[in-house]
Amino acid sequence: MEFVLKTNNLVKRYGGFTALSGLNMNVPKGAIYGFIGKNGAGKTTLIRLICGLQNPTAGSFNLYGTENSDRNIAKCRKRMGAVVETPSIYLNMTAEENLKQQYLVLGLPNYDGIKELLDLVGLSDTGKKKAKNFSLGMRQRLGIAVALAGNPDFLVLDEPINGLDPQGIVEIRELILKLNREKNITFLISSHILDELSRIATHYGFIDKGFLVKEMSAEELDNACRKCIRVEITKPEALTQVLDEMGIDYKFVSDNVADIYSKPNVTQLTLSLADKGCEIISLKEQDESLESFYIGLLGGENNA
Amino acid sequence: MLKLLKGSFIRLFRSSEFQIMPFLLMIMNFMMIFMERANLQDTDKLPGLPLFNAFFHVVVIGICTAVFVSLFIGAEYSNATIFNKIIFGHSRTAVYLTYLITCLFGTAVFHLTATGVTTLVGWIALGKPLFTIGEFITSYLLSLPVLFAVVSFYLAITIIVQNRAVAIGISASFSVVLLIFSMYFCDGKHYDNKYLDFLPDFYLNKLAMSDMLISEGVIEKLNFPVYPCILFGLFTVIGLIVFNNINIRNTPEGEI
């Protein structure tokens with residue numbers, strides 16, 4: 001698998017406070033990588049480091065195969081765009097003027113493509129309206145348009161839906177999915193709004209106290225969070241035999257407890273097990289959301 | 001860096017702080033000119049425009065420069081637009097020098113605008129200038145190294161503070177203190193003490209009244225501002241070192 005970003009024991013300290021303590025993460029090419037953690041977990045610190053706004057205290061990271069200590073890292077950053085904390089836009093300029101400024105910063109030879117960018121983010125009809133008069137969602141979309149100038153193939157978004165209304169959230173979500181599908185842009189999105197992230201992310205990284213607690217694909221997370229019926233029985237071999245005969249997917253979580261990943265006919269299952277002398281001790285539906293998975297992963301509701 | 005400069009200059013000409021600054025400076029000059037005009041006994045016989053009338057605003061230009069630099073560069077932090085320049089691979093040195101050159105140019109332009117417009121208005125109100133074009137250009141050029149020292153100082157402050165509101169507060173307070181401190185030494189005894197040129201406002205005071213000081217024999221002639229040149233170099237180097245090693249963050253408007 002090709003990775004856009006890999007970090008290796010990344011450490012960042014601010015005086016006596018350690019924001020990142022040996023973080024290891026891998027962002028695959030073409031992924032929408034959801035970076036999840038509570039406030040102060042170290043999400044923005046990592047983003048600042050990879051954007052070159054701050055330098056790591058120890059460890060390293062690798063962007064498109066180039067180490068952060070390499071002199072060519074600045075060139076690699078030209079392939080990425082970012083919206084860190086707030087959209088980086090001039091409030092006294094229009095959307096078009098902001099993009100023109102960014103084109104100059106990038107050293108692009110002409111202003112071709114500005115109209116397409118404005119169309120893409122749905123700001124082509126803002127005319128002479130200054131960015132200071134934009135709604136939060138419009139500013140966020142303009143920030144993304146600015147980050148997209150220069151056709152980056154890696155986009156870093158720090159809390160992109162913070163403070164947005166439901167309509168704004170839908171707009172940003174659709175924009176991210178569109179860019180990922182149509183332009184194959186890799187995304188690193190930090191957020192603590194788990195429900196929203198679970199709708200778009202293809203990979204997840206869970207961070208807590210500067211550590212990456214777990215990294216997994218959406219598929220793995222789906223499996224971990226699948227709806228199931230948890231059944232506790234007296235004879236596991238009987239359950240195996242019955243479920244195999246019924247063609248039902250299942251997994252044993254302990255000697256006498258299994259998760260059944262579909263909705264069996266409970267009466268039929270009970271009778272079949274009874275025929276084999278197996279008793280059902282308990283039967284309950286399990287429904288683990290990303291939120292409960294996250295809470296479980298980080299050890300209790302205090303961490304949510 | 002040329003593209004960065006182009007973008008920065010476009011922003012400069014569009015910025016309200018840059019557009020307003022010459023008018024603020026001219027107010028002081030116009031007040032002097034119109035007071036003199038009002039005191040004239042015979043308006044048919046105009047006395048002429050002395051050099052100090054055209055340059056009197058340099059007394060307060062330190063305060064205006066402090067406000068201009070902190071507003072203009074501070075906006076890069078409050079809007080977080082400084083991030084775009086760093087993320088897209090520009091070196092911090094290039095970004096800093098772009099800011100410095102833009103502010104130096106901006107200050108030189110609004111100073112020249114204020115001086116030029118004042119001279120024209122003064123010409124109409126008080127009569128033909130009592131100075132030559134050479135004296136005008138010399139005075140303007142002598143003021144530039146001092147202004148550059150002032151700009152580099154306030155740019156370094158803004159870069160270190162990384163917060164527009166706080167930078168304005170600190171820079172404006174500093175500039176007022178420097179002005180008061182300089183005024184304290186503005187007497188005949190100290191004008192020839194070149195070490196006091198380390199206070200940029202002291203030199204600017206001297207420059208504002210140079211034609212009077214020279215004609216009254218207080219100073220022989222206006223010296224070249226060597227010490228402000230040293231200060232300019234020093235503040236630029238300090239600013240560059242700090243900017244290359246600082247953790248860049250943004251503070252949205254309203255947050256301190």
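These are my notebook entries on a predicted model with chains A and B.

**Entry 1: helix α9 of chain A**

I started with α9(A), which spans residues 236-246. I asked which of its residues are buried. I found A:Ala238, A:Leu239, A:Val242 and A:Leu243. Next I looked down the helix axis. The buried residues of α9(A) fall within an arc of 120 degrees, so they line one face of the helix.

Then I checked the face turned away from that buried side. A:Glu237 and A:Glu245 sit there, and both are exposed.

What covers the buried residues of α9(A)? I noted β12 (228-233), β13 (250-252) and β14 (257-260) among the covering elements, all of chain A. Helix α10 (266-275) of chain A is also included in the cover.

**Entry 2: the contact between chains A and B**

I turned to the interface. Chain A puts 36 residues into the contact, and chain B puts in 26 residues. The two chains bury about 2600 Å² between them. Of that area, 53% is on carbon and sulfur atoms.

How many salt bridges link chain A and chain B? I count one. A:Glu97 forms a salt bridge with B:Arg14. Their closest N and O atoms are 3.1 Å apart.

I then asked which elements of chain A supply at least two residues each to the side that touches chain B. The strands are β1 (3-14) and β7 (80-83). The helices are α2 (73-77), α3 (95-106) and α5 (136-148). Helix α3(A) gives the largest share of that side, six residues.

I sorted the residues on the side of chain A that touches chain B by type. I get 19 nonpolar, ten polar and seven charged.

**Entry 3: A:Gly107**

Last, I looked up A:Gly107. Where does A:Gly107 lie? I place it in the loop between α3 and α4 (114-120) of chain A. Its relative accessibility is 33%, so A:Gly107 counts as partly exposed. That value falls between the cut-offs, since buried means under 20% and exposed means over 50%.

I also checked A:Gly107 against A:Gly150. The two glycines are 43 residues apart along the chain. Their C-alpha atoms are separated by 9.2 Å.

Key: Residues numbered from 1 in each chain as written. Chains lettered and ligands numbered in written order. Predicted model: local features only at pLDDT ≥ 70, side-chain atom pairs only at ≥ 80, totals over all residues. Heavy atoms only, no water. Buried < 20%, exposed > 50% of the residue type's maximum accessible area, 1.4 Å probe, protein only. Helix = DSSP H or I, 4+ residues; strand = E, 2+ residues; numbered from the N terminus. Arc of directions from axis to C-beta. Contact = heavy atoms within 4.5 Å. Buried area = accessible area lost by both parts, 1.4 Å probe. Salt bridge = Lys/Arg side-chain N within 4 Å of Asp/Glu carboxyl O. Nonpolar A, V, L, I, M, F, W, Y, C, P; charged D, E, K, R; others polar.
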